Amino acid sequence: MSEHPPTQPLPLAIPDGYAPGRLVRPLLVLRRWANEYRAHRRERRTDDGPSIWESIHLGIAEDGRPARVPLIYRNMLLAGEPGAGKSVGLNNIVAHAALATDCRLWLFDGKIVELGLWRSCADRFVANSLDDAIGALLDLQSEMDQRYAVLDDERRRKISPADGVAPIVVVLDELAYFSATVGTKREQEAFSVLVRDLVARGRAAGIIVVAATQRPSSDIIPTSLRDLFGYRWAFRCTTDASSDIVLGHGWASRGHSAASVAPETKGIGFLLAEGGVPRRIKAAHLSDEQVYALADHAAMRRLAAGIAHGQDLDDTRGGVA
Ligand SMILES: Nc1ncnc2c1ncn2[C@@H]1O[C@H](COP(=O)(O)OP(=O)(O)OP(=O)(O)O)[C@@H](O)[C@H]1O
Ligand SMILES: [Mg+2]
């Protein structure tokens, strides 16, 4: 005898007053809509990839909604204690920028291995040399000045997508490595002055600075520099005071403190966007395998688009085409 009970036919309850069509038609309509939607998606699916002019997905907000922010004409500061999730947060931004073939990518990483995975997508990759970092920032500064000279000639205020002038995404992982750890005091000062200038003036010229530091202290992030960053993302900090150094004075006392993030919950931080209230968000996490796959794919796209440099670690030459 079978172990299973005999299959019963589904009871087809036909309600009183059943009128054929009433039940069936909505299902047919739904199916037709679904088919039309699928066809529409198929039609729209192109290989364009993301654009730097679109919002960048950073993670999930507390209300379960995706946290996306446009970075064009803006800068972002990420700070928090070691291991809090800054580099993981940065990876989301770098991935978007690398896949977007309408922007250039300049990467600075004293640790080498975090942003190094994206080296083949970068126009310029600066590892742990302060000299190279200053040289690259000087090149960016002169590119910015040239762009402003052109804008001034054309009596315009900022670049636009129609220009064909590629925005440059400048990502610095561990600001303090260059501004307070290696080199002489003078070199560190020169580095800090150049970063400040790019953050202060770069936006309209399409230069987007995204900087991370594990030292949210006033010597690394003075108020005058912090206030230039339109977006501030405070990952776990040890004290309310250091959270306020990132987000701005007074936010901790109003209940928005990155010191409230439990040490074991990685990737959670408070994101403050210009003029808003800090939002607690969890950064999207790309595994190493996903980063390798995305970086390879992005490098191929850049190669196909004719904008790949794929320079070697030692080769810090290059420039903005
Ligand atoms: N959003 C996240 N989701 C899941 N795990 C995360 C997330 N963010 C960070 N982690 C985990 O925490 C580890 C440390 O994160 P990450 O390297 O980004 O820290 P960090 O703030 O850059 O540290 P450091 O200051 O030392 O560079 C990651 O390797 C990962 O395992
Ligand atoms: Mg890091």
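Start with H96: setting aside neighbours within four places in sequence, H96 is in contact with P50 and I56, where contact means that two C-beta atoms, placed from the backbone, lie within 7 Å. This is a predicted model, in which local features need pLDDT of at least 70, side-chain atom pairs count only at pLDDT 80 or more, and totals for chains, interfaces and linings use all residues. Residues are numbered from 1 along each chain as its sequence is written, while chains are lettered from A and ligands numbered from 1 in the order in which they are written.

**Helix α2**

- H96 sits in helix α2; helices here are DSSP runs of H or I with at least four residues, strands are runs of E with at least two, and both are numbered from the N terminus.
- H96 and H57 are 39 residues apart along the chain, and their C-alpha atoms are separated by 8.0 Å.
- K86 also belongs to helix α2, which covers residues 86-99, and K86 is buried, with 27 other C-beta atoms within 10 Å.
- Beyond its neighbours within four places in sequence, K86 is in contact with L78, G80, A212, Q214 and F235.
- S87 has its place in helix α2 too, and S87 is buried, with 20 other C-beta atoms within 10 Å.
- Not counting residues up to four places away in sequence, S87 touches E114, D173 and A212.

**Annotated site and ligand 1**

- An unreviewed UniProt entry carries the annotation "binding site" for G80, E81, P82, G83, A84, G85, K86 and S87; its positions are given in the numbering used here, feature names are shortened, and annotations may be inferred rather than shown by experiment.
- Which residues come nearest to ligand 1? Of the 15 residues around it, they are G85, S87, K266, G267 and H285, with a residue counted as near if its C-beta atom, placed from the backbone, lies within 6 Å.
- Helix α2 and strand β10 (279-283) each supply at least two residues of that shell, and α2 has the largest share, 3 residues.
- By class, the shell around ligand 1 has 5 nonpolar, 7 polar and 3 charged residues; Ala, Val, Leu, Ile, Met, Phe, Trp, Tyr, Cys and Pro count as nonpolar, Asp, Glu, Lys and Arg as charged, and the others, Gly among them, as polar.

**Strands**

- Strand β8 (residues 231-235) is mostly covered, as 4 of its 5 residues are buried.
- Strand β3 (residues 76-79) and β8 pair in the parallel sense over 4 bridges; pairing needs at least two bridges found by DSSP.
- M76 has Y231 as its bridge partner in β8.
- With strand β9 (residues 268-273), β8 pairs in the antiparallel sense over 5 bridges, and the bridge partner of A234 in β9 is F270.
- V277 lies in the loop between β9 and β10. Is V277 buried or exposed? V277 is exposed, with 11 other C-beta atoms within 10 Å.
- V277 and W251 are 26 residues apart in sequence, and 8.6 Å apart in space from C-alpha to C-alpha.

**Nonpolar core**

- In the largest nonpolar core, of 80 residues, A98, L107, V169, V170, V171 and V210 touch the most other members; such a core is a set of buried Ala, Val, Leu, Ile, Met, Phe, Trp, Tyr and Cys residues joined through C-beta atoms within 7 Å.
- Helix α2 gives the most to this core, with 7 residues.
- Leaving aside neighbours within four places in sequence, V210 is in contact with N75, M76, L90, I93, V169, V170 and V171.

Conventions. A residue is buried if 20 or more other C-beta atoms lie within 10 Å of its own, exposed if 12 or fewer, and partly exposed in between; C-beta atoms are placed from the backbone.
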